[in-house]
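Visitor: I've got a structure to go through and a few quick questions. Can you put it up?
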There are 2 protein chains.
Amino acid sequence: MRTGIATVCLSGTLKEKMQACAIAGFDGIEIFEQDLVTSPLTPEDVRKMAADLGLTLDLYQPFRDFDSVSGDLVAANLRRAEAKFKLMARLGMDTILVCSNVATASIDSDDLRVEQLGQLAALAGDHGVKVAYEALAWGKYVSDYEHAHKLVEAVDHPNLGTCLDSFHILSRNWDTAPIEAFNPDKIFFVQVADAPKLSMDVLSWSRHYRVFPGEGQFELAKFMGHVVRAGYSGPVSLEIFNDVFRQSDVERTAVDAMRSLIWLEEQSAKWLDAASDGGTGAGINAGGGTQAASRRRYPMELATLPQVAEPAGYNFAEVRAADTKGLETVLGQLGFEFNGRHRTKDVQLWSLGHARMIINEAAPADDSTADATHSTAPAIAALGFDVASPVIAAARAQQLKAPAVPRKSQANEEVFQGFAAPDSTEIFLCQGTSDGTAAWTSEFGEGLEKPAAGPTAVIDHVNLAQPWQHFDEAVLFYTSALALEPQPFAEVPSPTGLVRSQVMATGDRAVRLVLNLAPLNQQRKTYQEHIAFAVDDLVATARDCKARGLEFLQIPANYYEDLDARFGLAPGFLATLQELNLLYDRDADGEFLHFYTATVGSVFFEMVERRGAYDGYGAPNAPVRHAVQYDHLQHR
Amino acid sequence: MRTGIATVCLSGTLKEKMQACAIAGFDGIEIFEQDLVTSPLTPEDVRKMAADLGLTLDLYQPFRDFDSVSGDLVAANLRRAEAKFKLMARLGMDTILVCSNVATASIDSDDLRVEQLGQLAALAGDHGVKVAYEALAWGKYVSDYEHAHKLVEAVDHPNLGTCLDSFHILSRNWDTAPIEAFNPDKIFFVQVADAPKLSMDVLSWSRHYRVFPGEGQFELAKFMGHVVRAGYSGPVSLEIFNDVFRQSDVERTAVDAMRSLIWLEEQSAKWLDAASDGGTGAGINAGGGTQAASRRRYPMELATLPQVAEPAGYNFAEVRAADTKGLETVLGQLGFEFNGRHRTKDVQLWSLGHARMIINEAAPADDSTADATHSTAPAIAALGFDVASPVIAAARAQQLKAPAVPRKSQANEEVFQGFAAPDSTEIFLCQGTSDGTAAWTSEFGEGLEKPAAGPTAVIDHVNLAQPWQHFDEAVLFYTSALALEPQPFAEVPSPTGLVRSQVMATGDRAVRLVLNLAPLNQQRKTYQEHIAFAVDDLVATARDCKARGLEFLQIPANYYEDLDARFGLAPGFLATLQELNLLYDRDADGEFLHFYTATVGSVFFEMVERRGAYDGYGAPNAPVRHAVQYDHLQHR
């Protein structure tokens, strides 16, 4: 699959954008007119720079408001088009995007459009230019891709084809199957964009909220499957108008963009394989040989990635701190056992049942360089996941452009494959075992006696704060590199603003990772994050923790009154909840009990008990947690 | 008018919110349930604190999903309601908001609703509670305020009334005139919210984008006029769900909120007066005596403010800098005359025609406290406006809670009335004169000879960058305190994100002020701002500036090619534009020529020539300006 991206997706100057696209590995780019008009580079400079960077210049765009106009505008439009065709010759470009008319269309006649597009195609032919005509979802008379294609067929000129843009098609909920019947020679270009399902006017939605494939809710693999089956083999190019991407670091956004196309390519191959398999959805994983062969019938080559199943669970969580005293105290009070220090590194291992915590004794901060993002106050630094094959999983992540972070190690020590997540948390891939143990733990506490089987406990979920620039990127990252599935989105009020919360999870819920979008005026790592452990009997656990002196997050009495009004709990149970600062939730699937510890640095801990098939996180209680934590921060 | 505000409008804890409301001068508040549930304050604490702060507790809210339910839910809902009634007794509150059912409604029957609301009213009566029933715009069966009122009338119980919320009524475009016929004894509460006109689902619109009155586009004065005429005299309370306000400084947001009600009170009085005047719109300004008398017929008292006309023009603009050399050079090259130093202060006066610039020689920055927002690099510090009566205008601004900034002065010097705008720019009110001179200039350059009448020039517009937290506040501020009118909103792409641009102007365009919402990662005063001067002959002016060595912002050649493609300009004219780095725009009303200087600190200057009735700012050229400035910033 030839990959492309429109310069409008990125921040910075045309030069910066082109360099970032080359570094991220794109095959080609679309030049957005405004990026050229505002650039000090001449068209010849741009042409040479693209050649030097190994980028093809695939599409010049957009040319607006051409068709359906009255007679006096035709000549002016053709004059304007010819100026652009001459410019394209200097750029060495041969394809221009022409959008269906929004502003100046005054005559609704397909005959007239065929005549006018024919004139444009003839002029384009004189200049060796190919015109890709696209139906904008809000085009005045042409807003449907089949209508645009019908006009192209009617003109029947070698220099006129259509451009298919997934946003304009899927935002209107149009069936994409008819694409398969299109003549591939008439599909001049394909643009892909994803978007969250929003109910707002389609123009605002398009201009501000598009995201890269895999970051939204459109069925893009299916769209691409139809495009491949039609026989199209040209560039598949991103055209994403997004308020955040426009403000973010250009190189980083380009890598996020490239990841989305690599992922889309794989998903498209899977969709084709499943479809060729009679729609059983067995796909690549179930003996992909036949399906892959059937894919070879199509001109577009689709590369696939090393295949991984979803992770089997958390292997460990790691917290880093210059002063580890507070962490040691809290873990001890939670019932964790100290399993010893690592034989060569300044790290400690603590465990409770199958929940393993590493305390990384970071060097104290050098005051001259200390800032909020590089604090050495306790913070979540790394997460280990159990996967079937760490090497395959690492190879997949690397092909998805995840930056590698190999863990330093000595001889005879286990080497973890790892990579950095968008929020800089380190993700390590570990070999899971059927009994829930981990071989690497033998590197800790030589001479220490291992504790007997303790209480049943596992890491239930981890909650990471995401900076606003990287929230969508993080969703795609965990989807594509770690095979987690995004769950429905929630918003929780807090005293400093709404917190947007995106759960990523495995189908069996063995791994639950919560991404919280911190309010704008808060930075990653100053915002509080946490690790939650699941136990069988929360009330008993809480009593034990209390006896060991744990500092619970204090829940206001008003909460329990409201709980009673909402649920009508048995008085004894309600009193127990209140006595132990436990929070409670209930839904049709089951019940949820949980409590929080006080915060150490930017980390706190949660203990949960899930009763029945309760699948949530106590969202109705989150505002209480935020409010109490905020109150503590104000007064410490 | 009794003023109120719901605690959900503000950031922080319940205690912080209550304190901020008292400081801002509200009469009462609505307690949003979640703020109480998450608070460590007992209901008795809240009651005492409100009394100590002089705040009435006007409304407990919300109680959700009561009506239209099937039999088994009725008892549970009444039980839940009774728990809240008891809580309200402890809070000393007597009114609760009950919203029309969204989630659990299953039976669409007005008879059933009358029965269920009757049961609720009877229970409320037992506890001395008044139930204010409100139609949510997205209520399942009840979404229309007239429907809600009809149910209230049918129940006919002294403890059941209705709550009118402007958002739920105006978001659905419902006629507000029928409110006048409502029995005032059945209107238990009135909530007001404004909103920008957005086409999105009404729930998202309501939950995220409400703004304070005067910051959106709803006809609130008319809504309030009908409410007053109905005979309602209870609290008028703000209920604003806004993502930004939730994150902003609580005391500041409370003042913004209070300002919006003061302004709404005045606008409502004007609407009533105009309406009583037979709809001529003559209003308060045209001999308000009679109308004010007619307003006295209604129980609600509406206070008015000192009345001002819109400002007649800019009197001066002031730039502050520790090192003034660069500014002096640019102003000189632009053709400004140095009129001398002030007799007692470290400020210089420069002028070009009627455009006056003050250079304030700020003390050099103390490095230990220097930061981006208190830089002493050249920055726009103050604006002077010509008004009919500075004292009346200052009194009005003060009543609208504008923080005063009296200018220090010696004997025999003019004292400017002034106040600080939300972005901290100082606004001074000056006495305009018919010949465009200013008396205070005689305090400058003693002994210097005044220049003879120079070229015709005026300040055309000033462009100020606004931080994201205070954009809506700034719109209301300039609307209410300075009588500027918000114009339609624009968005301009820049290399670091979309720039949102809000023009505030007088009807005759003598004052044009552009508020730009800087991209999120840029701070006020590091983002570039500018002052534009209008001249009669821009080409001649540019030639003179060039001869004086002015550094123009360099416009890329690609821009002129595109200009030619768009407008087909005469070759000689196009060559002149390109030679002099002039930008050009044209619309149905006229033409616009302009150029920019290089940036000094965070300030640059623009020279413009308006031909015909051109009323814009060259918006199509703004991306070029942003891109070139960005490029310079990267390379300096």
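Visitor: Is the crossing of α1(A) and α3(A) left-handed or right-handed?
Guide: Right-handed, for the crossing of α1(A) and α3(A). Bear in mind that this is a predicted model.
Visitor: Which residues of α1(A) and α3(A) make the contact?
Guide: From α1(A), A:Leu14, A:Lys15, A:Met18, A:Gln19 and A:Ala22; from α3(A), A:Val46, A:Met49, A:Ala50 and A:Leu53. By class, that contact has seven nonpolar residues, one polar and one charged.
Visitor: At what angle do helix α1 and helix α3 of chain A pack, and how far apart are their axes?
Guide: The angle is about 20°, and the axes are 10 Å apart. Angles under 35 degrees count as roughly parallel, so α1(A) and α3(A) are roughly parallel to each other.
Visitor: New topic. Into which domains is chain A divided?
Guide: Domain 1 covers 2-295 and domain 2 covers 313-635. Their centres, taken over C-alpha atoms, are separated by 42 Å.
Visitor: How many residues does the contact take from each domain of chain A?
Guide: 13 from domain 1 and eleven from domain 2. On the domain 1 side, the residues touching domain 2 are seven nonpolar, three polar and three charged.
Visitor: Over to chain B. Where does B:Met300 lie?
Guide: In the loop between α11 (289-295) and β9 (313-321) of chain B.
Visitor: Does B:Met300 count as buried or exposed?
Guide: Buried, because B:Met300 has 23 C-beta neighbours inside 10 Å, and the cut-off for buried is 20 or more.
Visitor: What is B:Met300 in contact with, leaving aside neighbours within four places in sequence?
Guide: B:Met1, B:Val228, B:Tyr232 and B:Ser233. Also, 7.2 Å separate the C-alpha atoms of B:Met300 and B:Gly231, which are 69 residues apart along the chain.

Methods
Residues numbered from 1 in each chain as written. Chains lettered and ligands numbered in written order. Predicted model: local features only at pLDDT ≥ 70, side-chain atom pairs only at ≥ 80, totals over all residues. Axes fitted to C-alpha atoms, helices over the stretch in contact; angles between N-to-C directions. Helix = DSSP H or I, 4+ residues; strand = E, 2+ residues; numbered from the N terminus. Parallel < 35°, antiparallel > 145°, perpendicular 65-115°, else oblique. Left-handed = near helix turned anticlockwise from the far one by under 90°. Contact = placed C-beta atoms within 7 Å. Nonpolar A, V, L, I, M, F, W, Y, C, P; charged D, E, K, R; others polar. Domains from an automatic or database assignment. Buried ≥ 20, exposed ≤ 12 C-beta atoms within 10 Å, placed from the backbone.
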